[in-house]
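Please read the following briefing alongside the sequence and the three-dimensional model.

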Amino acid sequence: MTTGVEDEPALAGLPQAGGVGADAIGGEVALAGVPEAVCDKARMDAVLRGKWEAPVRHGIEPRLLGLYAASGLFALICTFAKGALGFGLLAVAAGAPVVEEMAKVVLPLMLLEKEPWRFRSAGAIVLSCLVSAFVFAAVENMLYLNVYIPENRLTSGIICYRLIVCTMLHLGCTAVSACGLAKAWRNARDGLRMFSASTSTPYLVVAMIVHGLYNIFAVLFSLV
């Protein structure tokens with residue numbers, strides 16, 4: 001005996017607002033036109049509209065402050081962990097850029113995918129990413145200047161280069177990724193729908209490529 005949509009968890013009672021999309025059938029292509037699916041989609045749209053149109057809260061939510069702190073902490077952890085990749089050309093040119101650029105934006109990205117309406121401006125998204133990038137760059141510079149580079153090769157030029165150029169590289173690449181997140185967030189806000197990471201993916205890839213090209217140049221330059 002074929003079961004119908006009446007057994008779907010999404011149709012058992014009134015769904016919780018926070019669980020939009022968890023057991024929903026409104027977005028199922030195979031159920032397009034089915035009355036229950038149409039009703040469920042209308043319910044989902046209404047819940048999302050209510051989330052996006054909720055009154056703006058003054059000040060920064062504690063959750064966002066926590067996100068800023070957690071992003072920096074997560075970036076710090078990844079700074080130490082990426083040492084496991086080694087310093088070979090492949091790791092420096094491909095592995096490190098992918099790991100680092102993802103690490104600097106992954107926590108804001110996770111919140112955006114779950115509750116994009118928590119951000120009330122694109123600036124808040126960019127700020128959370130840049131805080132993470134700055135902490136990452138600061139810790140990485142400390143490691144290079146105090147651990148990785150031998151003391152007899154440490155010059156004032158290298159110190160200035162790392163503090164200025166390398167920090168700006170991290171901030172610049174993360175800014176590109178953050179612009180992608182902000183664009184995807186605006187699309188979700190304007191359409192009163194959930195966040196789609198596919199819009200931000202090209203920006204993240206560009207950031208990884210720019211970072212990888214810089215690393216290749218830096219390695220070749222050091223060899224010369």
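The charged end of Lys-104 sits over the ring of Phe-136, 5.8 Å from the ring centre, where a charge counts as over a ring if NZ of Lys or CZ of Arg is within 6 Å of the ring centre and within 35 degrees of the ring normal. Arg-162 likewise lies over the face of Tyr-144, at 4.0 Å from the ring centre. This is a predicted model, in which local features need pLDDT of at least 70 and side-chain atom pairs count only at pLDDT 80 or more, while totals for chains, interfaces and linings use all residues. Residues are numbered from 1 along each chain as its sequence is written, and side-chain values use heavy atoms, with hydrogens and water left out.

**Salt bridges**

- The count comes to 4 salt bridges, each being a side-chain nitrogen of Lys or Arg within 4 Å of a carboxyl oxygen of Asp or Glu.
- Arg-162 also meets Glu-140 in a salt bridge (3.2 Å, N to O); because Glu-140 lies in helix 4 (residues 122-148) and Arg-162 in helix 5, the pair ties together parts that are 22 residues apart in sequence.
- Both Glu-140 and Arg-162 are buried, a word that here means under 20% relative accessible area, with exposed meaning over 50% and partly exposed in between (1.4 Å probe, protein chains only).
- Glu-115 and Arg-118 form another salt bridge through their side chains (3.2 Å, N to O), and both of these residues are buried.
- In the salt bridge between Asp-190 and Arg-189, the closest N and O atoms are 3.1 Å apart; Asp-190 is exposed, at a relative accessible area of 58%, whereas Arg-189 is partly exposed at 33%.

**Aromatic rings**

- There are 4 aromatic pairs, counted when rings of Phe, Tyr and Trp (its six-membered ring) have centres within 6.5 Å, with planes under 30 degrees apart called stacked, over 60 edge-to-face and the rest tilted.
- Phe-217 and Phe-221 form a stacked pair, with 6.0 Å from centre to centre and 20 degrees between the planes.
- Both residues of that pair, Phe-217 and Phe-221, lie in helix 6, 4 residues apart, which is about one turn of the helix.
- Phe-217 is exposed at 52% relative accessibility, and Phe-221 is exposed as well, at 61%.
- Trp-52, Trp-117 and Trp-185 are linked into a cluster by ring pairs.

- Helix 6 has 23 residues and reaches 33 Å from its first C-alpha to its last, close to the 33 Å expected at 1.5 Å a residue, where the expected span is 1.5 Å times one less than the number of residues.
- The buried residues of helix 6 are Leu-204, Ala-207, Met-208, His-211, Gly-212, Tyr-214 and Asn-215.
- Leu-192, in the loop between helix 5 (156-191) and helix 6 (201-223), has a positive phi of about 50 degrees although it is not a glycine, and Leu-192 is partly exposed, with a relative accessible area of 25%.

**The chain as a whole**

- Of the 224 residues of the chain, 37% count as buried.
- Among contacts (heavy atoms within 4.5 Å) between residues at least 6 apart in sequence, 73% join residues at least 24 apart.

Conventions: Helices (H or I, at least four residues) and strands (E, at least two) are DSSP runs, numbered from the N terminus.
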